[in-house]
Amino acid sequence: MLKRFTLAAFIAASLAPLAAQAGKLGDIDLSGYVLLETWVDRHDLRGKTALPANQPYAFVLHNLELGGEKEIGGGQKVSWRLGHRNRNGNLGNSGATGSREAWLGIEGEYGAVKVGRFLTKAWQVLDYPYGSAAWQAEPLAETGAADWVTVKAIRYTAPRMGGLELEATYDTGNQSNSARAALFEGFARYSSGPLTFDFIAQRKVNAPLQVGVGDFGGSDGGPDVKDGNRQGIWFAGMRWQMGGGFELLAAYKRNYWHADGGAGDLPQWGGRPATSGVDLHNSRILLGLNYQTGKYSWNGAIQRVTEGHDSVRGNLDDGAWVIGGRVVYAVKDGVFLYAGVRHHRFSGKHTPLDAFPWQVQGDGSIAKANTRIGVGAQVMF
């Protein structure tokens, strides 16, 4: 691990000039980051059954965004953005490439409207500032019933009213049959002095149910979907700048799914047969504390995953606990080194309803717990 940390530090220093060169390419804004991270997992197994080797031990993440804006008179301006991400699942492999943002917008006294493909607030906000600081973005933001990226969407952001921000998003997705698939998302943020409150509601209807993970492709009608399926989240978060470099965070996320399609359209969970008309739900509760002093920031959080519930058959799992923390050192503007640890303990023999094994580092029927220790370097530009 020490050798890996030394390598990460060397690479960060080598890439540091990128941070200083961020800015404009003519009329185009260039921004993004390069992230290098490596980790080891330590499993506490049930019996002698080995966990599947489906976790990369290291990856390189490139995130590049191009954008721009232009005044068009009357206090209005048009803007655009193209976002691209490439992630190598393992060092030496090609990884997967996909579009994150591709939108055109207009802004004026009436607020802002943009059309196209962009990140949902259910991913952005839960990832940062709530999840990633304590190295818990995967188990908080990337799990559950919310979509991460829209497909064919329109978003309206209202003019700011004092400390209040409001936003609404509608996405039609990739319609491929008679089901009228759609995604709705509302976002509200209220700031007053040291306190900030975040609220998100996302709902997807008439689309394939995805129990356990957000759909990167957005709301997709799918070839075999019948009207009536729905899923979504409710989220409420609070951040309190306590003074002296301390920040307290608290968050609540509720996932829900409802299946009205035929048995062939429904997900199976824990070997249980699918049942039409079923309602599934669970929740995650997070409490975190951040502290910053000089070039160092210290972040920690504890997360409780409640029991998954099936309206037909009762409880599906026994929940879990997640404890994580990270220390970050700012080498210079835009260049960071960090080390993190995350411990995941299952309360029973079934993986939590809202998470796939690769996100929670193990199946609860095999692993009682998992501890991940990692180091990384990030260069912003």
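Residues are numbered from 1 along each chain as its sequence is written, and side-chain values use heavy atoms, with hydrogens and water left out. Because the model is predicted, local features need pLDDT of at least 70 and side-chain atom pairs count only at pLDDT 80 or more, while totals for chains, interfaces and linings use all residues.

The chain has four helices and 19 strands, where helices (H or I, at least four residues) and strands (E, at least two) are DSSP runs numbered from the N terminus. Of its 381 residues, 48% are buried, a word that stands for under 20% relative accessible area, with exposed meaning over 50% and partly exposed lying in between (1.4 Å probe, protein chains only). Among contacts between residues at least 6 apart in sequence, 64% join residues at least 24 apart, a contact being heavy atoms within 4.5 Å.

The second largest pocket has a volume of about 410 Å³. On a 1 Å grid over the protein atoms alone, a pocket is an open set of points with protein on both sides within 12 Å along at least five of seven lines, whereas a cavity is a set of points where a 1.4 Å probe fits but cannot get out; lining residues have an atom within 4 Å of a point. Grid points are joined across faces, edges and corners, and a volume is the space filled by probe spheres set on the points. This pocket is lined by 23 residues, and Ser79, Arg81, Trp103, Glu107 and Lys114 lie nearest its centre. The elements that give two or more residues to its lining include strand S3 (58-73), strand S4 (76-88), strand S5 (96-108) and strand S6 (111-117), and S5 gives the most, with five residues. By class, the lining has seven nonpolar, six polar and 10 charged residues, with Ala, Val, Leu, Ile, Met, Phe, Trp, Tyr, Cys and Pro counted as nonpolar, Asp, Glu, Lys and Arg as charged, and the others, Gly among them, as polar.

Lys114 belongs to strand S6, and, neighbours within four places in sequence aside, Lys114 is in contact with Trp103, Leu104, Gly105, Ala153, Ile154 and Arg155. Lys114 is buried yet has no salt bridge, and the nearest side chain of opposite charge, Glu101, is 4.5 Å away; a salt bridge is a side-chain nitrogen of Lys or Arg within 4 Å of a carboxyl oxygen of Asp or Glu.

In the loop between S3 and S4 is Gly75, which counts as exposed at 61% relative accessibility. The C-alpha atoms of Gly75 and Glu109 are separated by 7.1 Å, although the two are 34 residues apart along the chain.

The second largest cavity holds about 30 Å³ of space, and its lining has seven nonpolar, three polar and no charged residues. Strand S13 (279-293) and strand S14 (296-305), together with H2, each supply at least two residues of this lining. Pro129 is one of the lining residues; Pro129 lies in helix H2 and is joined to Tyr128 by a cis peptide bond, with omega about 20°.

Two further residues have positive phi values without being glycine. Trp135, in the loop between H2 and helix H3 (137-141), has phi near 60° and is buried, with a relative accessible area of 8%. Asn206 has a phi of about 55° and is buried at 15%.

Definitions and conventions:
Lys, Arg positive; Asp, Glu negative; His and termini not counted.
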